[in-house]
Every structure is written in structure tokens, then in C-alpha cells.
Amino acid sequence: MNRQLTLALSKGRIFEETLPLLQAAGITVTENPETSRKLILPTNDEALRVIIVRASDVPTYVQHGAADFGVAGKDVLLEHGGEGLYQPIDLNIARCRMSVAVSAGFDYASAVKQGARLRVATKYTETARQHFAAKGVHVDLIKLYGSMELAPLVGLSDAIVDLVSTGSTLKANHLVEVEHIMDISSRLVVNQAALKLKRERLQPIIDAFEQASKR
Ligand code: ATP
Ligand code: MG
């Protein structure tokens with residue numbers, strides 16, 4: 001049986017913010033994904049490698065067992081559905097919130113009250129669908145893959161559902177946050193079969209991550 005462990009991470013904040021957690025487990029990644037073109041990165045532990053994938057692809061690699069474990073945002077996990085994934089811990093990293101935002105002049109409260117269909121542009125269609133369904137608001141969802149802030153400015157949508165941290169991108173584009181849907185942070189996800197077959201190797205790392213993320 002393959003004894004090697006594979007950890008799926010995405011470049012940028014998830015990689016950066018996972019490094020201290022790995023450190024707590026005695027693991028150092030020996031190449032920098034920002035400068036290396038390699039998609040498989042070695043670590044100081046011969047039996048552990050890191051693969052670099054798109055943030056929204058982390059659950060897919062772990063679900064299919066191509067990675068034994070990974071780190072993904074709650075936003076990504078909600079869209080994916082979490083099938084085949086064991087989610088043991090909230091790592092408390094990459095924290096932000098999922099919000100509804102509209103153009104500064106748009107009367108969101110009235111639009112929602114009037115019961116007209118609201119046009120909502122978002123990358124997070126599943127989360128948006130559930131949020132507005134729970135409120136009984138009829139929406140036309142418009143799927144985008146990035147730069148959601150642009151949509152209300154050019155009349156593509158009335159509102160957007162997007163991640164917000166400082167709010168400076170919204171502000172720079174004259175958008176206002178009108179609803180806070182949920183708090184977001186990143187989670188450790190583990191392949192269910194790997195957890196059984198490689199528990200001896202995985203558990204100490206999960207425990208170290210858990211301890212370090214509480215600090
Ligand atoms: P891609 O850049 O590949 O389109 P992405 O934008 O989702 O994907 P990142 O920007 O690296 O990738 O975000 C990774 C995760 O970090 C997100 O899934 C989310 O959970 C969290 N995140 C996104 N934006 C912020 C932010 N402004 N502040 C803190 N955490 C964030
Ligand atoms: Mg991003």
C-alpha cells in the first residue's frame with residue numbers, strides 16, 4: 001500500500017496561513033509555490049508531499065483520494081457539497097465573511113420587500129440559492145468566476161454575493177454590504193478512506209493542526 005501522504009493546498013493565503021500549522025507538526029515545505037513552477041512540492045518529511053491546486057479544486061482532489069487531506073475555505077466546501085470528505089477541524093485561517101452587496105444607490109430593502117426577482121451575480125451560486133430561498137426572496141442567479149464587484153456597476157445584476165474581509169474593494173467600487181450571510185474560515189478536510197487506512201500517519205498531523213489553530 002502507498003504509505004506516502006499527499007496534502008492539497010492552494011497558492012496564496014491558504015498556503016501561507018497553513019505553513020505555521022505544518023510547522024507545528026514538524027513539517028516544512030522545502031520549495032516556495034510562488035516562485036517554483038512545480039505543482040508537487042517536497043517537504044522535509046520524505047513521506048509527505050504537498051500538491052498545489054486551485055482553491056475550489058481542493059475538495060475534488062481529496063474526495064477522489066488523489067490527496068489524502070487538504071485545506072479549503074468553508075465557501076468552497078459549501079459549493080462542493082463536502083461529499084466523501086471528513087471535516088475534523090476549523091483551522092481558523094483565511095477568515096472573512098460571505099455577504100450581499102449592492103450599488104450605493106440601490107434600495108435593497110424595498111427591492112426585497114416588493115417581491116420582484118432580484119438579479120444576483122456570484123461565484124457562490126449554491127450558497128446564494130440557499131440564502132435567498134430561506135428568506136423567500138426570488139432570485140435570478142448569474143454565475144461569475146471572479147470580479148463580482150463589477151456586475152452591479154454595469155447593470156449585469158442588482159446585487160452580488162461575495163467574500164468580504166476589509167470591505168475596501170467594495171468601497172473602491174461604490175458598493176455597500178447589505179447583508180452578512182455567514183462567517184468564513186478554512187477547514188481541514190480528509191479523505192474518508194485515507195482516514196481509516198492511514199490513520200496512524202494522519203492523526204498526529206491532525207492533532208498538531210488542531211492544537212496550533214486554537215492559539
Ligand atoms: P482563485 O484565485 O483560484 O480564483 P480564490 O479566489 O477562491 O480562487 P484565494 O483568493 O486564494 O482563492 O482564496 C482562498 C480562500 O481564502 C477562499 O476560498 C476563502 O475561503 C478565503 N478568502 C478569500 N478571500 C479572502 C479574503 N479577502 N480574506 C480572507 N480570506 C479570504
Ligand atoms: Mg481570490
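Trainee: How do the residues of the shell around ligand 1 divide into nonpolar, polar and charged?

Mentor: Good place to start, and keep in mind that this is a predicted model. In total, 15 residues surround ligand 1. Sorted by type, the shell holds seven nonpolar, two polar and six charged residues.

Trainee: Which residue has a polar side-chain atom 2.7 Å from an oxygen atom of ligand 1?

Mentor: Let's go through some side chains that pair with ligand oxygens. For K123, a polar side-chain atom lies 3.4 Å from an oxygen atom of ligand 1. For R13, the distance from a side-chain N or O atom to a ligand oxygen is 2.9 Å. The value of 2.7 Å belongs to D75.

Trainee: How much of ligand 1 does the protein bury?

Mentor: Picture the ligand alone, where ligand 1 exposes 620 Å². Its place in the protein is the largest pocket. Of that exposed area, the protein buries 74%.

Trainee: Which element gives the most to the shell around ligand 1?

Mentor: Look at the elements giving two or more residues: α1 (13-24), α3 (74-80) and β5 (85-103). Domain 1 (5-95 + 185-213) and domain 2 (96-184) each supply at least three shell residues. The element that gives the most, with three residues, is β5.

Conventions: Residues numbered from 1 in each chain as written. Chains lettered and ligands numbered in written order. Predicted model: local features only at pLDDT ≥ 70, side-chain atom pairs only at ≥ 80, totals over all residues. Heavy atoms only, no water. Near = heavy atom within 4 Å. Polar contact = N/O pair within 3.5 Å; in protein donor to acceptor, adjacent residues only side chain to side chain. Areas by Shrake-Rupley, 256 points an atom, 1.4 Å probe, with all protein chains shown as cover. 1 Å grid on protein atoms, 1.4 Å probe; cavity = no way out; pocket = protein on both sides within 12 Å on 5 of 7 lines; lining within 4 Å. Sits in = over half its atoms within 2 Å of the grid points. Helix = DSSP H or I, 4+ residues; strand = E, 2+ residues; numbered from the N terminus. Nonpolar A, V, L, I, M, F, W, Y, C, P; charged D, E, K, R; others polar. Domains from an automatic or database assignment.
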